[in-house]
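Hello,

Here is the structure I promised to pass on. Please open it first; my notes follow below.

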Amino acid sequence: MPTHAEKRHLPYTQKELYELVARVDRYPEFLPWCTASRITERQGDTFDADLVVQFKVFRERFRSKVTLHPHHLIDVEYITGPFRYLNNHWRFIEADDGGCIIDFYVDFEFRSRVLQKLIGLLFNEAVSRMVGAFETRARQLYGERDHGPRDVASESHPATSRA
């Protein structure tokens, strides 16, 4: 069961980073392996989103319920797809210097042992590329800022196999 928790300080505002992550429908434009996304139902600050993720010969679609808490928290709950479970959240904390600390957490397990073993081998690289894609997108949308990203805390646990 791979898990990853990371806090990262970025030179963008809480609102800017929150809005970037909340735009799930734009993920295929910049997020590695995300080939499609679609908002299927919306009720206020909650919506269901379908994402299609493709890596080599593997292509999977899953649906999540996304709950927005403007501008400080995004919770993601798994509905259907290739996972046994998926827990994910993004917290956006204003920093004293005008930037923002992102607190990112993801924990999941695939139903397929093949996918679980594959992601176990690539997990740390995959999460690093995904977080980097959000940082790059922020630079593209909001421009360069005075200071670069700083890791506040990071912790990853690759997949473990169950016998």
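**What I found**

Among contacts in the protein between residues at least 6 apart in sequence, 54% join residues at least 24 apart. Contact here means heavy atoms within 4.5 Å.

First, the ground rules. This is a predicted model, so to speak of local features pLDDT of at least 70 is needed, side-chain atom pairs count only at pLDDT 80 or more, and totals for chains, interfaces and linings use all residues. Residues are numbered from 1 along each chain as its sequence is written, and side-chain values use heavy atoms, with hydrogens and water left out.

**Layout**

The protein has two helices and eight strands. From the N terminus on, the order is β-α-β-β-β-β-β-β-α-β. Helices (H or I, at least four residues) and strands (E, at least two) are DSSP runs, numbered from the N terminus. Of the 163 residues, 42% are buried. Buried means under 20% relative accessible area, exposed means over 50%, and partly exposed is in between (1.4 Å probe, protein chains only).

**The N-terminal end**

Pro2 sits in the segment before β1 (3–10). Pro2 is buried, at a relative accessible area of 0%. Its C-alpha lies 8.7 Å from that of Gln116, although Pro2 and Gln116 are 114 residues apart in sequence. β1 itself is mostly covered, with six of its eight residues buried. β1 runs antiparallel to β7 (residues 100–110), and eight bridges join the two. Two strands count as paired if DSSP finds at least two bridges between them.

**Two hairpins**

β2 (residues 34–43) and β3 (residues 46–55) are antiparallel and joined by eight bridges. Glu41 has Asp48 of β3 as its bridge partner. The two strands form a hairpin with two residues between them. Gly44 in that turn has a positive phi of about 60°.

β3 also pairs with β4 (residues 58–69), again antiparallel, over ten bridges. Here Val53 is bridged to Glu60 of β4. β3 and β4 make a hairpin too, with two residues between them. Lys56 in this turn has a positive phi of about 55°.

**The helices**

Which residues of α1 are buried? They are Gln14, Glu16, Leu17, Tyr18, Leu20, Val21 and Ala22. That is seven of the nine residues, so α1 is largely enclosed by the rest of the structure.

The axes of α1 (residues 14–22) and α2 (residues 113–142) come within 11 Å and cross at roughly 115°. Glu16, Leu17, Leu20 and Val21 of α1 make the contact with Phe134, Arg137, Ala138, Leu141 and Tyr142 of α2. By class, that contact has seven nonpolar, no polar and two charged residues. Ala, Val, Leu, Ile, Met, Phe, Trp, Tyr, Cys and Pro count as nonpolar, Asp, Glu, Lys and Arg as charged, and the others, Gly among them, as polar. Axes are lines fitted to C-alpha atoms, for helices over the stretch in contact, and angles run from 0 to 180 degrees between N-to-C directions.

**Cysteines**

How many disulfides are there? The count is zero, taking a disulfide as a pair of cysteine sulfur atoms within 2.5 Å. Cys34 is buried, with a relative accessible area of 7%. Cys100 is buried as well, at 0%.

Best wishes
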